[in-house]
Amino acid sequence: MGKLLVLTVLITIIGIATWCALPMLLPESPPQLDANEWWGPMDTKGKVDASIKPFQVKFTEEIIKDLKNRLQNKRQLVPPLEGIGFEYGFNSKEIEPWAKYWSEEYKFGDREKFFNKFPQYKTNIQGLNIHFIRVKPQVQPGVTVVPLLLMHGWPGSVREFYEAIPLLTKPVSGYDFAFEVIVPSLPGYGFSDATVRPGLGSAQIGVIFKNLMNRLGHKKFYIQGGDWGAIIASQMATMFQNDILGMHSNMLIVQTGCSTLKTIAGAFFPSLIVESHLADRMYPLWKYFSYLMEEFGYMHLQATKPDTVGVALSDSPTGLLSYILEKFSTWTRFEHRTLVNGGLTFRFSKDQLIDNLMVYWASNSITTSMRLYAENMSNKNRALGIDKFSTSVPTWALQAKNELFYQPPNILRHKYSNLLGVTVLDDGGHFIAFEMPKVFADDVFKAVKLFRDFHKTKTEL
Amino acid sequence: MGRLILAVLVALASVLIYFLYLRSPPPLPEIDLEEWWGTELSKSKQDDSIKPFKVDFNEVMIKDLKDRLRDRHPLAPPLKGVAFEYGFNSKQLEGWLKYWAEEYSFKERENFFNNYPHFKTDIQGLSIHFIRVTPEVPPSVEVIPLLLLHGWPGSVREFYEAIPYLTSASRDRDFALELIIPSLPGYGFSSGAKRPGLGADKMAVVFRNLMHRLGFKKYYIQGGDWGALITSCMATFFPDEVLGYHSNMPFIMSPKVTLISLIGALYPPLVVGSNVQDRMYPMLEKYANLMEETGYMHIQSTKPDTIGVALSDSPTGLAAYILEKFSTWTQISNRKAPDGALTKQFSRDQLLDNLMVYWSSNSITTSMRLYAETFNKRYLGLGLEEIPTNVPAWFIQAKNELTYTPIWALKTKYPNLINETILDDGGHFLAFQLPEIFSNDVIKAIQSFRAWHKNNKKTEL
């Protein structure tokens, strides 16, 4: 009986290994998306220009007055159940202090100036006015300027990168390059237009951002992303392997049948898949699924009914605050669920978190931001199957201790064949650029140096 | 090869099912008839009196509501060519909001609510609201009690059109129904629990105690949605008290039933009648529909307090969130209807009446907590679906209800299943949508229950 079991397991493993090796042996090319697909109103097609116009974030008097009214006239909230923290979601006792701060202490004028400390612009790509920050470094001769596209996610924004940008756009000793950073708002997020028609998923955003980089004079460039930014980066690296010089991701994931099988196999033999001190980031599987069930209700709802929940979140700033800040609590540290204040100011200041909220509120973009989940879940976009194709773009993963997903290098290499390495952090959560900007910036420098060396070696051969 | 694997899987499943049938049901959980849901302080203040209650839409609340509706923040327009596929269509919502703010006759509707006598009484630290309608009949007609339980996002309002039918007298029968229609704890005019734990099983105890408070030691019960689950618990916990159980949403999710239903996907006639086969299969299609429609359930089971903030603060948001269900759950194809087909089955006043129950009582958050209190390890670990009850049962299954459960599955829990009415019409809110058909079915059921009891008494002698 025991021998039979061992034999079955061995055959299964060999079968899985063969199946997983197949894509490497029979490479196909990923789908090519239409680089000119029009996402704006049809009557604007052919009528917009390629100019790049300067842009300033504005918190108008009208917005501020209306916002304060709503915050101060919020309806009475039901108190939380006895003895709980954030286990049922945002503890309503914490709403009052945040609403009070937002309406009475948050300095709209100062914060608006803060937002505008970096030069920003808008330009029309495929029918959408895309907002972006662009910071060029001041460098001495001998230091190369390399273009880096930084992409945020949900419920984040360009604000997440503000502390990292000065660190990335300054020469650092030991490196012969510095970054020109381009930091756009995703379409439908913040100050970028939203599309008027269905179909704009992460891959299509990748096309828009490639066109953006081209518009700015960069045919080849580096990319960095977290959350949706990581997904878009991964798909750009798959679709444009000749143009992406390297990808740095703080949420690198592989989602193929093979990686899933390997993950399940690893539940029985973790040492084959993951180093023992990191095994608890993936296993036991039941714990991981329980965590997914607990935390992904928002994703399930947004992937199916974004417009429904968007109504309330567009209308109520306290509602928006609760919905968004809950993520900055749990996704920074899962243990913050037990705290009455959600541990929100553990690593973030009130101003930082409300700045991010202001991007959503001032631009009224919460509904359009959530539609991205539905677009990616659509049959059409899933059928593209971009995630199944591997990429040879040199890749580096920054893996924070409290990130939502963890996959070890041997699984990641199924897709990212030139995964040059990973930085495993003993600290940090999902919003790593926001939470630990120096660690983040250092890691990006480290990775891009390796990417540049990788390319040097290739050209020398 | 594929057929071989399938055959092996079916064989394995059959073995599993065999063992599941042999397994004895889990024990009945311990039932604490005095479990306290209020604060510690309130324990000393409890009294058993039954006080009359009147629904009151006061001027302050009405003015605040109108202000919020009229001053709503602009909503993102729907995507081109989309009806309700992304959730509630924001263009369609405008008509509803205008009606609510400008045409809905608050005074008239308040009077409508008070057409029937309302009461409140304290049960286990909760202030329980209920409607009690006693029929006017000659002494020769026996008056028997029927408890009617609503669900989410419904309310006692769902039963208003059915009440006249249910309480009518007729020469064909020797009984008339006295109706007890409570608001679930945390819904409408019943208070919510102050401490965690008040799941569907605990509500069953509260309502059993309510019936006893009103002098009924034996009674009939009827429920849909949460009402169906709570009444199912009552039939399981108090089989000597519940004289008969009628439900318009039977649902059994035991391992046995799930496995057999899965196998049924291979050859449905094994498992379900051909006239209703398309209500269960094709399985993938039904499963996809369920996934698309249960985002709300997922978020409410995990973070009710988070989403509750926005829905408590914005009547616009509450309208979209709740009315979406009256569209899709009445008929799933309504997702493609430009107006969600909302006024096809219900009048505007009917749907806004129901909204007013949630808004005027500010109970949306506490209502959603029921999901978190029930869909958790504690409740699911009780295995209540696997504990059969001898209470005679009768089910009506509407054409467009979200799930369909075949008789053999129902019999695993209700061995004294007397009848299944298959309705060629109607959706989830059956009493609300088809009050006459609903009422006739309930009355027929009770007639059969009474006959069943007479017969069983005879055989005992």
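**Close-up 1. B:Pro153 and its cis peptide bond in the predicted model.** B:Pro153 sits in the loop that runs between strand S4 (142-149) and helix H5 (163-166) of chain B. Helices here are DSSP runs of H or I with at least four residues, strands are runs of E with at least two, and both are numbered from the N terminus. The bond from B:Trp152 to B:Pro153 is cis, with omega near -5°. UniProt, in an unreviewed entry, annotates residues 50-159 of chain B as "domain: Epoxide hydrolase N-terminal"; positions follow the numbering used here, feature names are shortened, and such annotations may be inferred rather than shown by experiment. Over residues 50-159, chain B is 31% helix and 24% strand, and the end C-alpha atoms lie 22 Å apart.

**Close-up 2. A cis bond at B:Pro282.** Here the bond in question goes from B:Tyr281 to B:Pro282, with omega near 5°. Look for B:Pro282 in the loop between helix H8 (255-264) and helix H9 (283-293) of chain B.

**Close-up 3. Positive phi at B:Ala341 and B:Asn362.** B:Ala341 is not a glycine, yet its phi is about 55°. This alanine is in the loop between helix H12 (315-328) and helix H13 (342-345) of chain B, and at 10% relative accessibility it counts as buried (under 20% relative accessible area; exposed is over 50%, partly exposed in between, with a 1.4 Å probe and protein chains only). B:Asn362, also not a glycine, has a phi of about 55°. Its loop links helix H14 (348-361) and helix H15 (364-374) of chain B, and B:Asn362 is buried at 16%.

**Close-up 4. The ring pair A:Trp154 and A:Tyr373.** Over all chains, the structure holds 59 aromatic pairs. Rings of Phe, Tyr and Trp (its six-membered ring) pair if their centres lie within 6.5 Å; planes under 30 degrees apart are stacked, over 60 edge-to-face, and the rest tilted. In this pair the centres are 5.8 Å apart and the planes at 85°, so it is edge-to-face. A:Trp154 is in a loop and A:Tyr373 in helix H15 (residues 366-377) of chain A, so the pair ties together parts 219 residues apart in sequence. A:Trp154 is buried at 0%, and A:Tyr373 is buried at 5%.

**Close-up 5. A:Arg75 over B:Trp359.** A:Arg75 lies over the ring face, 3.6 Å from the ring centre. "Over a ring" means NZ of Lys or CZ of Arg within 6 Å of the ring centre and within 35 degrees of the ring normal.

**Notes.** Residues are numbered from 1 along each chain as its sequence is written, and chains are lettered from A and ligands numbered from 1 in the order written. In this predicted model, local features need pLDDT of at least 70 and side-chain atom pairs count only at pLDDT 80 or more, while totals for chains, interfaces and linings use all residues; side-chain values use heavy atoms, leaving out hydrogens and water.
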